[in-house]
Amino acid sequence: MTERLAHPDFTLTIYWRNGLIHGTDLQPASENARNSSRSSKNPSRVLKALMLRYLDRKKADWLDAPLDWEPLSPFRAGMLKTLWSVPWGRTITYSRLAALAGHPRAARAAGTAMANNPWPLLIPCHRVVGVNQRCGGFTGGMELKKVLLTLEQG
């Protein structure tokens with residue numbers, strides 16, 4: 001099953017398999033997508049929570065999303081699970097994330113784990129920033145990362 005969240009600034013596609021989310025695709029909204037893309041009808045509870053947060057700008061209980069952790073290494077899974085606890089509207093540095101996950105000298109590896117996050121937006125890798133709050137990288141592009149961070153500040 002596939003679901004879609006169409007936001008004016010981005011489109012998120014959620015890929016389900018056997019009752020688990022095995023991946024997402026987060027893309028900045030193009031002009032064509034803004035005019036033609038629509039969110040899924042009859043959304044799952046995961047998509048409903050995302051719609052409340054990002055479309056309706058209302059607080060929603062954050063997700064206990066059924067993610068398919070099996071393909072991930074223990075290190076990557078640990079980094080992503082640690083990141084899951086960073087609250088809405090907050091950021092964390094790569095080095096702090098690594099330290100909280102039990103790997104205080106692994107800031108670069110934390111960055112690699114974020115770059116390979118199979119669930120952007122569900123596990124909010126856009127909240128991870130470099131030293132002095134520099135944005136760092138982001139799979140969806142730096143402009144989209146800035147948009148997401150701004151959405152969470154408002």
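Okay, let's start with strand S2, residues 10–17, which is mostly covered: six of its eight residues are buried. Buried here means under 20% relative accessible area, exposed means over 50%, and partly exposed is in between, with a 1.4 Å probe and protein chains only. Strands are DSSP runs of E with at least two residues, helices are runs of H or I with at least four, and both are numbered from the N terminus.

Before I go on, this is a predicted model, where local features need pLDDT of at least 70, side-chain atom pairs count only at pLDDT 80 or more, and totals for chains, interfaces and linings use all residues. Residues are numbered from 1 along each chain as its sequence is written, and side-chain values use heavy atoms, with hydrogens and water left out.

So, what does S2 pair with? On one hand there's S1, residues 2–6, joined to S2 by five bridges and running antiparallel to it. If you want a pair to look for, Leu 5 has Leu 12 as its bridge partner in S2. The two strands make a hairpin, with three residues between them. Then there's S3, residues 20–28, also antiparallel to S2, with eight bridges joining the two. Thr 11 stands opposite Gln 27 in S3. That's a hairpin as well, with two residues between the strands, and Asn 18 in the turn has a positive phi of about 55 degrees. For the record, two strands count as paired if DSSP finds at least two bridges between them.

Contact means heavy atoms within 4.5 Å.

While we're by H2, have a look at Ser 44, in the loop between helix H1 (31–36) and H2. Buried or exposed, this Ser 44? It's buried, with a relative accessible area of 15%. Leaving aside neighbours within four places in sequence, Ser 44 is in contact with Glu 3 and Trp 16.

Now over to the other helices. In H5, residues 107–115, the buried residues are Ala 110, Ala 113 and Met 114. Why are they on the same side of H5? Because they cover an arc of only 100 degrees around the axis, going by the directions from the helix axis to the C-beta atoms. Those residues pack against helix H3 (74–83), helix H4 (94–100) and strand S5 (128–129).

H3 has its own buried set: Ala 77, Met 79, Leu 80, Thr 82 and Leu 83. They pack against strand S4 (92–93), H4, H5 and S5. In the loop between H3 and S4 you'll find Trp 84, which counts as buried at 19% relative accessibility. Trp 84 and Leu 26 are 58 residues apart in sequence, and C-alpha to C-alpha they're 17 Å apart in space.

Last bit, the whole chain. How many helices and strands are there? Six helices and five strands, and along the sequence the pattern reads β-β-β-α-α-α-β-α-α-β-α. Of the 154 residues, 46% count as buried. Take contacts between residues at least 6 apart in sequence, and 56% of them join residues at least 24 apart. The C-alpha trace spans about 45 × 35 × 25 Å along its principal axes. A compact globule with 154 residues would have a radius of gyration near 15 Å, and the chain has 15 Å, which agrees. That radius is taken over C-alpha atoms, and the globule rule is 2.2 Å times the number of residues to the power 0.38.
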